[in-house]
Amino acid sequence: MNERQRLANLLRNCSKNLLLDKGLQAHGFVMRMGLGFDLMLNNDLIDMYSKCGRIGNARNMFDRMPERNVVSWTALMCGYLNSGNAKGCLSLFSEMGFSGIKPNEYTFSTNLKASGMLGIAENGMQIHGMCAKSGHEWVAVVSNAILDMYVKCGRVGEASRMFGVMPAKNVITWNAMIAGYTVEGNGEGALVLFRKMQELGEVPDEYTITSTLKACSGLGAIRQGSQIHSALITRGFLCSVRMTIAGALVDMYVKCRHLTEAQRVFDQVEQKNLISWSALILGYAQECNLTQAMDLFGKLRASPYHKVDGFVLSSLMGVFADFALVEQGRQMHAFTTKIPSGSDISVFNSILDMYLKCGLTDEAERLFNETPLRNVISWTIMITGYGKHGLGKKAMHLFNQMQLEEIEPDGVSYLAVLSACSHSGLIQECQDYFSRLCHDKRIKQTVEHYACMVDLLGRAGRVKEAENLIDSMLLKPNIGIWQTLLSACRVHGEVEIGGEVGEMLLRLDGDNPVNYVMLSNLYAEAGYWKECERIRKLFKMKGLKKDAGRSWVEIDKEVYFFYNRDETHPLTEKIHQVLKEMENRIKSEIGYIHGVRFALHDVEEESKEESLRFHSEKLAIGLALVCGEIEKGNRTIRIFKNLRVCGDCHAFIKGLSKVLKVVFLVRDANRFHKFEDGLCSCGDYW
């Protein structure tokens, strides 16, 4: 072997093992031996510098070369791509086009990857066309790169067409397509491909298994996920040492709500990755097992192998926000100030969201005003929060202030301000913002924007106008906008329009229990009992079940959950007693009458009243009163509910706020209700 070949082998070894110091020494040898213009060695030097992260040195080598070939260009393109500079890679590819040197399969595959990284399908499609003309389209490395590019650019349909006509497929091809279906949310398609590849004799690898388990997670497909787990064990696949697969298994069991299995897999893993930790912590938190969740979080913090990242922090904060766990949220906020990832903008936004969803607008406002690091999401969270609290004027001021500070609103920001105006009944202002949105060429209007206008008109009793707006839309109406109109019909007793809309919803979305409940309520409140009964029978015949009403209250840093007619709490007897006392007091002082139309119509009046007393939000309030929250000096009692507050409970809480001279802040599925001195911030429209 001559000296030139020895130097080439040395440089290739340095590239492979990222040995920059040895590579620099080898470069010195090349120059001393007078081989500074040797094409092969220069290509090896470009590759070595690129792999070792010295892209500037690689570019200098390239620029000084008197002669270049396709390997020279492709090596530097790979360097740009591996350093995250996809634009630099594509720019060099364009430059190469004027050099007269023809690209090879690796040049094409590298630039297809760059197009995928940028998500620019147009660039990728142009390169695809060049591949077809040059005869490279069906070379395995190129066809796989084309397929992957379409997936990364969100063109899964194009990828699927490419997959269908490819003459030869390998495991990389199958992996790219399975991942594409999974990312798109087409878990069924991913599972079909997973079965098909095995039928054709292709053996899944670690990447295939991970993508397919993600598909199972998205579908909640516990049976298929368990089968994959069993097959791995049978094949002798040691999940305990395969961190990526173990993480995907834990995540799958968590998403399928099989936490015992998730914990078992987690305990078996020798080296746990952050995905496993975060999946299990969030799983416990979402199942309201906060003790276990926080215990695991403490172990993660103490682990010398992992640092808590922004994703874990913002995800946990999201759980605290959804369940309105104020104390846990505050503790987590304090913790974020002590670690580097706590300064991530995503973490800041999740803290802001948590305070607003817990009803602490003053704390959210203070945090927002004190922090210079704010993006459009931060502003939108605040505008949304003000809207949910019925503070439409504040939301408008913030929306205008955002633009003064040269933060451009996006479609979600407009949705937030339109919703805020709608919740506060600001008709003219809402119409003005909608007009501005329609004239903003940067932003596409969505059905959700129109739904805000339908809600606004519905609140004002302009139901026919709201219906006409839907009919005049250029966009296809979705289920949500029809439900918004039906809700307005219920409030204003528009049985004719509401009946038509409701029947249409049953045809379009016949397996959704919400539609049956809304239509049944429309008929019940208007006294159309035969129609109401017909809908209820249809509901039962289809075997549908509506979501159970659940409310919760935090007392002395502990959260207590209640369902309708719940008798599991040890203080149930006292809760019922105090609620009866409060009802009698409200009746005698302000003339409260049970809204018995919110109960079943085919039972005795007394039973109806009894039924209404056991609604979950009343039980949560009853516990707060039994536990002496008012005597402790707590003048604001916070209650949270997963569904819309019913009319009777709304009237009851209004009366209670007046006789007890206490503020009740109730968050339901739609908004916050601030009950004070017998009035509600929603203006009795929610």
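Predicted model: local features only at pLDDT ≥ 70, side-chain atom pairs only at ≥ 80, totals over all residues.
Residues are numbered from 1 along each chain as its sequence is written, and side-chain values use heavy atoms, with hydrogens and water left out.

The protein chain holds 36 helices and six strands; these are DSSP runs numbered from the N terminus, with at least four residues (H or I) for a helix and at least two (E) for a strand. Its C-alpha trace spans about 105 × 55 × 55 Å along the principal axes. Of the contacts between residues at least 6 apart in sequence, 62% join residues at least 24 apart, a contact being heavy atoms within 4.5 Å.

Leu7, Ala8, Leu11, Cys14 and Ser15 are the buried residues of α1. They cover an arc of only 125° around the axis, which puts them on the same side of α1, the arc being that of the directions from the helix axis to the C-beta atoms. These buried residues pack against α2 (20–32) and α3 (39–51). Just after α1, Leu18 takes a positive phi of about 55°.

Ser378 belongs to helix α23 (residues 376–388) and counts as buried, at 0% relative accessibility. Its side chain makes a polar contact of 2.6 Å with the side chain of Asn349; such a contact is a pair of N or O atoms within 3.5 Å, where within protein one must be able to donate a hydrogen and the other to accept it, and residues adjacent in sequence count only if both atoms are side-chain atoms. Leaving aside neighbours within four places in sequence, the residues in contact with Ser378 include Phe348, Leu352 and Phe368. His449, in helix α27 (residues 447–459), is also buried, at 2% relative accessibility. A polar atom of the His449 side chain lies 3.0 Å from the backbone nitrogen of Thr446.

The strands come together in an open sheet of mixed pairing, in the order β2-β1-β3-β4-β5-β6; two strands pair if DSSP finds at least two bridges between them. At the edges stand β2 (558–563) and β6 (679–680), each with a single partner strand, so one side of each is left without a neighbour in the sheet. Strands β1 (residues 550–555) and β3 (residues 636–641) run antiparallel and are joined by two bridges, with Trp552 partnered by Phe640 in β3. Four bridges join β4 to the antiparallel strand β5 (residues 672–676), and Leu665 stands opposite Lys674 in β5. The hairpin of β4 and β5 has four residues between the strands. In the hairpin of β5 and β6 there are two residues between the strands, and Asp677 in the turn has a positive phi of about 50°.

Terms used. Buried < 20%, exposed > 50% of the residue type's maximum accessible area, 1.4 Å probe, protein only.
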